Amino acid sequence: MSETNGTPMLEVSGLRSGYHGVNVLKDITFDVGNEVFSVLGANGAGKTTLLATLARLITSTAGSITFLGNNVTRIPAFETAARGMGYVPQERGVFPDLTVMENLNVGGMIGERSREERIDEVVALFPDLGNLSNQIAGTLSGGESRMVACGRALMQDPVLLLLDEPTAGLSPLYVDMFFEKIAEIHQDKGVGIILAEQNATKALEVADRVMVLSLGEAFAVMDAANLTTDQLKEGYRI
Amino acid sequence: MNLNWLDAFLISGLFSVVVIIGLALLLHLQLGLTRIANFGVVGFFGIGMYSFGVLFTKVDWPFGDLPAFLVSLAFGTLVAGLSGLLVGWLIADLDEDGVLVGTLGFATVVFILATTEQDLTGGALGLGGLKFPYDVGTVKADEFLWLIIVIIVVTLIFLYVWWVHRTPYGRLLIATGANEPLARSLGKATFRTKLWLFAVGSAGMGMIGALFGVMERFLAPENLGIDVTLAAMVALVIGGTARAWGAVIGGFLIFGFFDIIVQSYIPFPKAWYGQAIPNAKLIVEGLVLMGVLLFRPLGILGAMRRDKLMRRVHG
């Protein structure tokens, strides 16, 4: 297994979780530092389950999650945000009856920095949101919704951002833009990122390290540059 | 005070409408914003009414009617709020079916207690002895003044609901109702939020129940039928669950039409008031509800928040 540079932000050990008594994740162990850590895998591999478990939206049945040196395996979901973990779900990522600005404000109630300062930063990152600020989020396109969801997570000043397939179903233009933004968020803001993706090619371009999930098991955890096509195919069970 | 111009039917009709609007406004916070389908409205209404009534009539108060009334009202409101806290704690993490059964079950428990605890509630025979905490001369004047007081209370509830819509707390309720896991992931303690909302809403419903009991002057289990819950819910659905004004518009439209206009101003033969008009009322209410659900499923006012903001953006 490859190792993080310096002290890991997140350490996951022997993690199991799933739905209705069925374990989707089976003894997952990895750690993440201040880096872009990509989780790759085919449909049903357990990527969404993993990120939802880390965000404490799904209760793990075994194993431990340590975040910034604290065991967070059993904390309530609402405490993860206050501890610096931001989560962007794959779908239904916005509150449809609130405006774009109200959506951003829902995320901006943690920490001491002023809300205006954070909004300015988010709008600087996603300039389109400035023009859409009074629009009801339920009327946004898929790409615009993802920007709102990502911007809202950044409003919490996270140290680690969990992105669940942020480019799924988007046009190539949006896909390129999102991967550029992901790199920018990490490099300019110093935010660690766990990026669950099916688009292995694009994900490997921005990732420092990678974990390939295969049927709920960590098939490979390594530096992104060392992952071979054969390993990827085997992990995707192609 | 000369109130000859005032029809007694108008007072009672308007009073019923205002009470329904008050309950619908509180239900709007629970159902319209936070998507908690509280089918036990009458339970909280009833427990507040009986807690107030029992304390007000059974205790030999050493001071005057007004302080006794205020203490009893506070007690009824508190008991309803604590009941809401308990029921809310039980249902806050349940799905829609669980919430429906839990709240409906609570209303049934209150009805059974009111019927069987004869020493306290008078059982099926009812509990008499309630009176207005003042005397302004005639029964009609007392009732008219009580109507004004209840209108003021319901107006305050409306202003509170209107204010909630414009605060971060209101946005939190909308966010919790729309996508609770997402709200939790953003650091919102949604369980606590729903619990307090349920407790405060239930306390308000209990207070309205107590005010209703004073106007009735006689508490009986017949007051605790499911029709109270349905009236509040139907008013809200017809007016628009997502809007504060929805409860007001729906309440006046669906209940005001019959309870005020038909009963007070249309000279139907008196014999019709026994069965024909109440039955016609139920039929018309059902038809209006069906029509609204078919042609305007978001209620007459619809999702005006969305429409208004879209107009602002696109002109």
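Predicted model: local features only at pLDDT ≥ 70, side-chain atom pairs only at ≥ 80, totals over all residues.
Me: What span should helix H7 of chain A have, and how far apart are its end C-alpha atoms?
Reply: H7 of chain A runs over residues 172–189, which makes 18 residues. At 1.5 Å a residue, the helix should span 26 Å. The computed distance between its end C-alpha atoms agrees: 25 Å.

Me: Which residues of H7(A) are buried?
Reply: Buried here needs 20 or more other C-beta atoms within 10 Å of a residue's own. In H7(A), the residues that qualify are Phe178(A), Phe179(A), Ile182(A), Ile185(A) and His186(A).

Me: Which exposed residues does the opposite face of H7(A) carry?
Reply: Exposed means 12 or fewer such C-beta neighbours. The face in question is turned away from the buried side of H7(A). Its exposed residues are Leu173(A), Glu180(A), Glu184(A), Gln187(A) and Asp188(A).

Me: What do the buried residues of H7(A) pack against?
Reply: Their partners are helices and strands of chain A. The helices are H6 (142–154) and H8 (200–206). The strands are S3 (36–40), S7 (160–164) and S8 (192–197).

Me: Which residue just after H7(A) takes a positive phi?
Reply: The phi value is about 70°. The residue that takes it, just after the helix, is Gly190(A).

Me: Which element gives the most to the side of domain 1 of chain A that touches domain 2 of chain A?
Reply: Domain 1 is assigned as 1–84 + 158–238, and domain 2 as 93–157. Eleven residues of domain 1 of chain A are in contact with ten of domain 2. Helix H2 (77–82) and H7 of chain A each supply at least two residues of the domain 1 side. With four residues, the element that gives the most is H7(A).

Me: Which helix of chain B gives the most to the side that touches chain A?
Reply: The contact joins 19 residues of chain B to 26 residues of chain A. Helices H7 (168–178), H8 (180–185) and H13 (304–314) of chain B each supply at least two residues of the chain B side. With six residues, the helix that gives the most is H13(B).

Terms used:
Residues numbered from 1 in each chain as written. Chains lettered and ligands numbered in written order. Expected span 1.5 Å × (residues − 1). Contact = placed C-beta atoms within 7 Å. Domains from an automatic or database assignment.
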